[in-house]
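My notebook is open, and I want to look up a few things in this structure.

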Amino acid sequence: MKVPSNYSEDMRSTGGTRTELLNNVLDSSISLDKWSVFLRETLQNSNDQRLPESPSITFGLHYEMLSPEGLAVLKEMIQLDGPHKSDEEIRISPNKNSLPILIVSDSGTRGLTGGTDARKEDDSNFCNFFYFSGQLESRTTGGGSYGIGRNVLFSASRIRTIVVYSQIIQNGKPEQRFMAMAASKGLKHNGFNYTGRHWWGRVDVEDFDGVQPLLGDEALQLAKVFGLDKHLDKGTGTVIGVIDPDMDEPNVQMESLATTLLINAWPHLVGSKSEPPTLTASITYLGETFEIPDPRSEGSPIRHFVSAYLEDNSGSKIYSEDLKFNGSLEHLSKWVTGTDKTLGKLTWLKSLDPTTEDGEHVEKGLTPGSTVALMRSAKLIVEYMPVSAPEDGSKVFGVFRVGKNFEKAFRKAETPTHDKWLRGRLDLPSGARNPVGQAEDGITKIFDSGKSSKGKTGEEIDTPVDLANRLGKLITGLGVTGGSIKPPSTGGGGGGGGRSSSLKIRTSARPKLVSKSDGFCIGEFFFKPSGKSTSGSATKYFPSLKVWLGDSFEKEAPAGSIAPTVEKILYSEGTAGRWIEFKTSEITSTDLDGKDELKVVVKYPSDMLVSCEFESDEG
């Protein structure tokens, strides 16, 4: 088996880019942790190489141990004489007898195709990955814009080194390619400066001053030694091995990456109305598989975004609006090629069921509160943008998808880590209308103006604006809600023959969850009666239960579900902590005289939101 030869990039007489500059760019994310950036960049690179005829790609992250043979070959490569030996980071102790490797794999993709001579190639996948630092602006597809996303691979390695194997179709024939690379920092060796980039491959190529990949059987043998080949079937794709990944608790961090993938790539996991999912993902640690939750499952932190994205009206009413560019397209000719002024489509829903907002989900990019997920055609979430919450106590879950004609402009506006749109990156003339700014301001305006509580034609939705006052706010983590209770009618008419009453029953405390088991919850609602009945005969009072149906509370439970029930009604008469159960379910105004507080115990399915208020038989 041939051990790859080493080659280091020297600093030319006219200078060059030191590798640490590119690494600093990828450390610029202000909202995401290191491994979230790593997953986003590697997945985005894989997604960019998707085959047009392939409905789905397979993406994997696998934490494994190098085989003894693989470790021996790696040591031999790094111990070869060369400028890389002057870098203290690119080293392995001769006494090291085991070393982990983090494998990033994709299949159903093109692989690292194209020519391998950077002097002659314009847009070669191979050269983009190994040589070029930046990307042609003429590219209009894919997620990446800067050609520096690969640097997360070196930052993730304690020795700044990766090994790469790719199966491709080149000139109509199958081909295998292998090359290793390290990128640390600028250094000096034997009196000369070097950029910090080093490769291991073929350096004895005639009439070529540089390094080329190993091909065919030589490439396949090295792929087997490093355990890369087993992550590719007979099709095309790429497998990258990050040597000695910089993980303090690798089992915990690998499991956490499953959440990262869910929050950042769920549009690929759910597909669309007309297409199946476009991503199959796998995350393992020493052979143990970490399940990636179903984005639509109960308890998923992004299930409501999925409903808005798929415009699924089965659970909640979906609202949508096309945002239009207001201005001339003339100054955007570099970024916009058509005449369509649709900046993108915004869809949203409202829900009282809160998204899970624990620290891990926020760390992975999810924003607590009312939020709109921003995305382009790459179907990776750019950012979860906070918006104003509706006045009714609910939360907004929205999705904004960039219009086809503005795709290139929004891609240009992304930060190097692709986790934010910066309107200033378009570098437009002074006073020119900015499509990115108009989109973000338009989204903000919709929810600031309360439009989130209206339908497309402006009609009020089923949930009234005063929901927070009339029914109360959702108690996060509980399946119950309560609120101020409307008093019995004081006017004439109704079925009571003109009776009237000044007796009122209002909420006295927050509802609370008492227990949860076997798919059911027991919740308690608290009320305080005030005033006295002035009617000629006793007025009957009873608790009225309603169920949240996505846009309003209704008395009828959804078809096929179990309706909530009142288990008992209790009262207190000034004895602290002592509750007494009413002997009858028919409570009259006479029964309420002298009662300090009421408690209604309700049983309901654990996936249901329930409200409770008192009504009377006065109509």
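Before anything else, a term: two strands pair if DSSP finds at least two bridges between them. Strands themselves (E, at least two residues) are DSSP runs, numbered from the N terminus. I'm working with a predicted model, where local features need pLDDT of at least 70, side-chain atom pairs count only at pLDDT 80 or more, and totals for chains, interfaces and linings use all residues. Residues are numbered from 1 along each chain as its sequence is written, and side-chain values use heavy atoms, with hydrogens and water left out.

**Entry: strand β20**

I looked up β20, residues 540-548, and found seven of its nine residues buried (under 20% relative accessible area; exposed is over 50%, partly exposed in between, with a 1.4 Å probe and protein chains only). Which strands does β20 pair with? One is β26 (residues 610-616), antiparallel over seven bridges, and there P543 faces F614. I also noted β24 (residues 587-588), joined to β20 antiparallel by two bridges, with Y541 opposite I587. Then there is β21 (residues 553-554), again antiparallel with two bridges; V547 sits opposite E554.

**Entry: rings**

I checked aromatic pairs next. Rings of Phe, Tyr and Trp (its six-membered ring) pair if their centres lie within 6.5 Å; planes under 30 degrees apart are stacked, over 60 edge-to-face, the rest tilted. I get 19 aromatic pairs by this rule. Why is the pair Y319 and W348 called tilted? Its ring centres are 6.0 Å apart and the planes stand at 35°, so it falls in that class. Y319 belongs to β12 (residues 319-324) and W348 to β13 (residues 342-351), so I noted a link between distant parts of the chain, 29 residues apart. Both residues are buried. I also wrote down one aromatic cluster, made of Y7, F126, F129, F130, Y131 and W199.

Some charges sit over rings (NZ of Lys or CZ of Arg within 6 Å of the ring centre and within 35 degrees of the ring normal). I found K595 over Y571, 4.8 Å from the ring centre, and K603 over F520, at 5.0 Å.

**Entry: K345**

K345 is in strand β13. Is K345 buried, partly exposed or exposed? It counts as partly exposed, because its relative accessibility is 29%. Leaving out residues up to four places away in sequence, I listed its contacts (heavy atoms within 4.5 Å), among them S320, D322 and F400. The side chains of K345 and E311 make a polar contact at 2.8 Å (a pair of N or O atoms within 3.5 Å; within protein, one must be able to donate a hydrogen and the other to accept it, and residues adjacent in sequence count only if both atoms are side-chain atoms).

Notes: Helices (H or I, at least four residues) and strands (E, at least two) are DSSP runs, numbered from the N terminus.
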